[in-house]
Amino acid sequence: MLIATTFSLGIATQLAVNTPAFAKTKSAKVIKINKAPFKAYRAKKGYIYSNAKLTKRIHNAKNYPKTTLYSQKEAIIKKSNGKQAVYYYVMSKNRKVQGYIWHRYLTPVPIKDNIASSETSTNQPISQKALVNLINKAPDMDPTESIRSLKPIDYIANETIFDLGYNVFRFSPSSMFKSHQATVYVASGKLASLAQAAMTKWNNVLGSQVFKLGTAKAHTLAIRLGNGTKDGWDGLYDGKGIYIDHTHFNNLNYPIAYMSENLGSQTSYQQYWTGVIAHELGHTLGLDHTGYQADLMYAPNSDGNFITKYLWKRPIERSSTGLDGTEMGTITQRDLNRARLTRVLGYW
Ligand SMILES: [Zn+2]
């Protein structure tokens, strides 16, 4: 199997904005990168670096004294002067400020920080600590009922925590889903039946017509053939439209001819491309990849993720068939629960 799917270079580029020109610095040696618990901080000084080698300063924290920064991971490094130090990877709610900063520059923010003081206690959102405990108690990457039945204000106040806890993100503009429904134009006749099958898959499990067919003149989302072979994608969502690689799509032996006989016998051209389109539709719903091989939203590693709870280099859990989620074209309970979560988060 070659490449499954890659997400959205478009969005990643768009959000890497306003990078001031800082001088390059001497490279540090990265000893280890660990997952860090979700915590909120502020920083009044210190440089923020784009990478753990500390070669590029991208922000000066003194310019963002009132911005809450959320930790995601920590890096243990050996600086060019030989000293060992701990840096945290932090991110602001709007993602404008993100990078590595020396952990001593960070001051923890009180839990009630993110709510208006005039709110009465019953209208107060769940504390970050309580929410993180709740997420840690629930299955990994699977927002079960306990996570999806909180108060509306809990989702508004804690979007970043849900994003980081479940690899979800507001990928689509609010204009794409009107009353929880996207109107889809399939620009190529060759794609029509497969796109319809992929849309039906999501509509069936979500129990409503989330994706309905539109026209060239009236649509909020388009699915087109595109050119992904050079960049290594079969499907792509760029925050506006979905693209399917025309070279692989026009090769009727793909992907079977490139798989082992055992795996190839369990899938088909139709099943795979339906899976790829359904996977890209999953991105429009705000789902980034997981490491669970059976998931429709599976990716073999976390490298292409825009947001990730933790890093992975191989499947966290293999599928029973040995096929990837896109090759099976099946929406798992985990995929479905994540899509239900992004609905309560207001991403679609
Ligand atoms: Zn993807």
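This is a predicted model: local features need pLDDT of at least 70, side-chain atom pairs count only at pLDDT 80 or more; totals for chains, interfaces and linings use all residues.
1. Helices α6 (residues 192-206) and α9 (residues 269-284) pack with their axes 8 Å apart, at an angle of about 55 degrees. That angle is why α6 is classed as oblique to α9. The crossing of the two helices, α6 and α9, is right-handed.

2. On the α6 side, the contact is made by Leu194, Ala195, Ala197, Ala198, Met199, Lys201 and Trp202. Their counterparts in α9 are Gln270, Trp273, Thr274, Ile277, Ala278 and Leu281. By type, the residues of this contact are ten nonpolar, two polar and one charged.

3. Helix α2 (residues 128-137) has Gln128, Leu131 and Ile135 as its buried residues. These lie on the same side of α2 because they cover an arc of only 65 degrees around the axis. The cover over the buried residues of α2 includes β2 (40-43), α3 (145-148) and α5 (159-166).

4. The face of α2 turned away from that buried side carries exposed residues: Lys129, Ala130, Asn133, Asn136 and Lys137.

5. Gly304 sits in the loop between α9 and α10 (325-328). Is Gly304 buried or exposed? Gly304 counts as buried, because it has 20 C-beta neighbours inside 10 Å, and the cut-off for a buried residue is 20 or more.

6. Gly304 and Asp288 are 16 residues apart along the chain, and their C-alpha atoms are separated by 9.2 Å.

Methods
Residues are numbered from 1 along each chain as its sequence is written. Axes are lines fitted to C-alpha atoms, for helices over the stretch in contact, and angles run from 0 to 180 degrees between N-to-C directions. Helices (H or I, at least four residues) and strands (E, at least two) are DSSP runs, numbered from the N terminus. Angles under 35 degrees count as roughly parallel, over 145 as roughly antiparallel, 65 to 115 as roughly perpendicular and the rest as oblique. A crossing is left-handed if the near helix is turned anticlockwise from the far one by less than a right angle, and right-handed if clockwise. Two residues are in contact if their C-beta atoms, placed from the backbone, lie within 7 Å. Ala, Val, Leu, Ile, Met, Phe, Trp, Tyr, Cys and Pro count as nonpolar, Asp, Glu, Lys and Arg as charged, and the others, Gly among them, as polar. A residue is buried if 20 or more other C-beta atoms lie within 10 Å of its own, exposed if 12 or fewer, and partly exposed in between; C-beta atoms are placed from the backbone. The arc is that of the directions from the helix axis to the C-beta atoms.
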